[in-house]
Amino acid sequence: MRNLLPVLTIVTAILVIWYAAAVALNAQWVRDQATRAGHELSLPALVEATWSQDKPKLPAPHQVAVEIWQTTGAMVLAGRGFSKRSLFYHSWITFSSTALGFLLGTALGVALAIGIVYNRTMDMSVMPWVIASQTIPILAIAPMIIVVLNAVGISGLLPKAMISMYLSFFPVVVGMVKGLRSPATMQLDQMRTWNASPAQTFWKLRLPSSMPYLFTSLKIGMAASVVGAIVGELPTGAVAGLGARLLAGSYYGQTIQIWSALIMAATLAAVLVGLIGLVQRMTLRRMGMA
Amino acid sequence: MSSNTVISAQDLSLTFQTGDGPVHALKDVSLDVGKGDFVSFIGPSGCGKTTFLRCMADLEHPTGGSITVNGVSAEEARRNRAYGYVFQAAGLYPWRTIGGNIRLPLEIMGYDKAEQARRVSEVLELVDLAGFEKKFPWQLSGGMQQRASIARALAFDADILLMDEPFGALDEIVRDHLNEQLLQLWDRTDKTICFVTHSIPEAVYLSTRIVVMSPRPGRITDVIESPLPKERPLDIRETPEFLEIAHRVRDGLRAGHGDEV
Ligand SMILES: Nc1ncnc2c1ncn2[C@@H]1O[C@H](COP(=O)(O)OP(=O)(O)OP(=O)(O)O)[C@@H](O)[C@H]1O
Ligand SMILES: [Mg+2]
């Protein structure tokens, strides 16, 4: 708990800045209202008003907190924790395509990395394509992926997961290629002196050596998967998922809803990345490498 | 080449093509190592000792001449797992315990579980590391790690042991102790040992033959047969015979170098 104080300090600073920014951004609208109604506004009243609008430019933290509570905890207490209006439900939708996309992306990334490390032709030819794939803006191709897959009869979870996969395989390829190549020349020579087969060298040397690299890549890949899942929900006109909440919120100017969905998405990503961190620590400790 | 020749090099040459032009790491090196020999290689840095050992181990491909190990090509000998190789650095896997590290080649070679366990404790005993089987490498000193790596090379049935400055990083006392143990081991197991070192006393104390090399191009300048008996207590190093051989080695090194060592 040694680092509780610095964390709290930063959180407090963020909240102060946020409240101040809410006043600055929302003040114009409050003043206009007051002028139209023809009465003077005292400073406290102005500040109060900027923090309690229905559709503020920037909602105040407590407004977002209340909205989040009403769409999560309060609904659970009311026994409707998983209704279509609950953020848990939307988070679950986003989580399921995140998870599927992450698994697919990790599998693809590891497979490509093994190919690149073991096959000269793949080494020369695949990496440029992998890099090129990431220079295409995801927002541009997300609708195409969804439309094309829909056209061949694939809809629902998979198209969204494909976008997560598209974003998450990249860090895994890069990290795993580096990891699988991390054994020293001497360690590889040693394997040769024992006449180890390529498979034995892989399982006993290359793969264990790559573990620290793999976990770092998985964390980046997981965060990218969440982004991918949300982006994937935007062009489908999806009705469920945190991305859909964001889109619906922006249609109707429901900034509070947008912000609560954003914070939910950030929390989801943080929890998932944290889980990988946990697995990482346990694995590396068991391997005596932590 | 007599019938008990284990390693035979004929006019062996190896030229590395580097950015600054060719480097003649070995040039026309010929040497026969007999069964049960303990051969030390000594010479100034860069004279090709490591390269020679790596050629025997099929880790380097000669550009000229030929080399046979156990009567077959170096590659076939490697495939037959004819030798154990001890590198200069211990190179233990950090994610395996000491026992796990020694078990590694045994797993690769397909020994069964019981046999693996038996051999691991046997060689740990041999290098004085009994009781450290469950420790991880980072919990051991550098010298202990190097002993573990020697144990690993001894664990399987190879009758040739190639060692590249295995004790280079160890202090004098540990080194003496390991030298004694290595001699006992060699005596008991009848292994053929090729041993690279920078230390004249070490070379003289251990070897039946001392191969003196010199650089640019890497070549053999002298091969000294040791008249010392097989039984060698540590204080043999004070006897006149010992000092005389040491003197010859020193002269050989000096001559090869062209000036003071
Ligand atoms: N892979 C390589 N590529 C290019 N040159 C090399 C390579 N390996 C060794 N050499 C060169 O070959 C020569 C012999 O090297 P080698 O490592 O065999 O020397 P050494 O006698 O073992 O030296 P030391 O006592 O310092 O270990 C050196 O000049 C070295 O620079
Ligand atoms: Mg060397």
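1. Ground rules. Since the model is predicted, local features need pLDDT of at least 70 and side-chain atom pairs count only at pLDDT 80 or more, while totals for chains, interfaces and linings use all residues. Residues are numbered from 1 along each chain as its sequence is written, chains are lettered from A and ligands numbered from 1 in the order in which they are written, and side-chain values use heavy atoms, with hydrogens and water left out.

2. Who sits around ligand 1? The shell holds 13 residues, the closest being Ser45(B), Gly46(B), Lys49(B), Thr50(B) and Thr51(B); a residue is in if one of its heavy atoms lies within 4 Å of the ligand. By type they split into 4 nonpolar, 7 polar and 2 charged (Ala, Val, Leu, Ile, Met, Phe, Trp, Tyr, Cys and Pro are nonpolar; Asp, Glu, Lys and Arg charged; the others, Gly among them, polar).

3. Polar contacts to the ligand. These are pairs of N or O atoms within 3.5 Å; within protein, one must be able to donate a hydrogen and the other to accept it, and residues adjacent in sequence count only if both atoms are side-chain atoms. Cys47(B) uses a backbone N or O atom, 3.2 Å from a ligand 1 oxygen. Thr50(B) brings a polar side-chain atom to 2.6 Å from an oxygen of ligand 1, and for the side chain of Thr51(B) the distance is 2.5 Å. On its own, ligand 1 exposes 640 Å², and the protein buries 63% of that (Shrake-Rupley areas, 1.4 Å probe; for residues, only the protein chains shown count as cover).

4. Which elements build that shell? In chain B, β1 (5-18), β2 (21-34) and α1 (49-56) each give two or more residues, and α1(B) has the largest share with 3. Helices (H or I, at least four residues) and strands (E, at least two) are DSSP runs, numbered from the N terminus.

5. Buried means under 20% relative accessible area, exposed over 50%, partly exposed in between (1.4 Å probe, protein chains only).

6. Ser168(A). Helix α8 (residues 157-180) of chain A holds this serine, which is buried at 1% relative accessibility. The side chains of Ser168(A) and Ser225(A) make a polar contact at 3.4 Å.

7. Backbone spots to look at. Most residues other than glycine have a negative phi, and most peptide bonds are trans. Asn195(A), however, has phi near 55°; it lies in the loop between α9 (185-193) and α10 (198-233) of chain A and is buried at 18%. Asp11(B) also has a positive phi, about 45°, but belongs to strand β1 of chain B and is partly exposed at 42%. Arg216(B) and Pro217(B) are joined by a cis peptide bond, with omega about -10°; Pro217(B) is in the loop between β9 (209-214) and β10 (219-225) of chain B.
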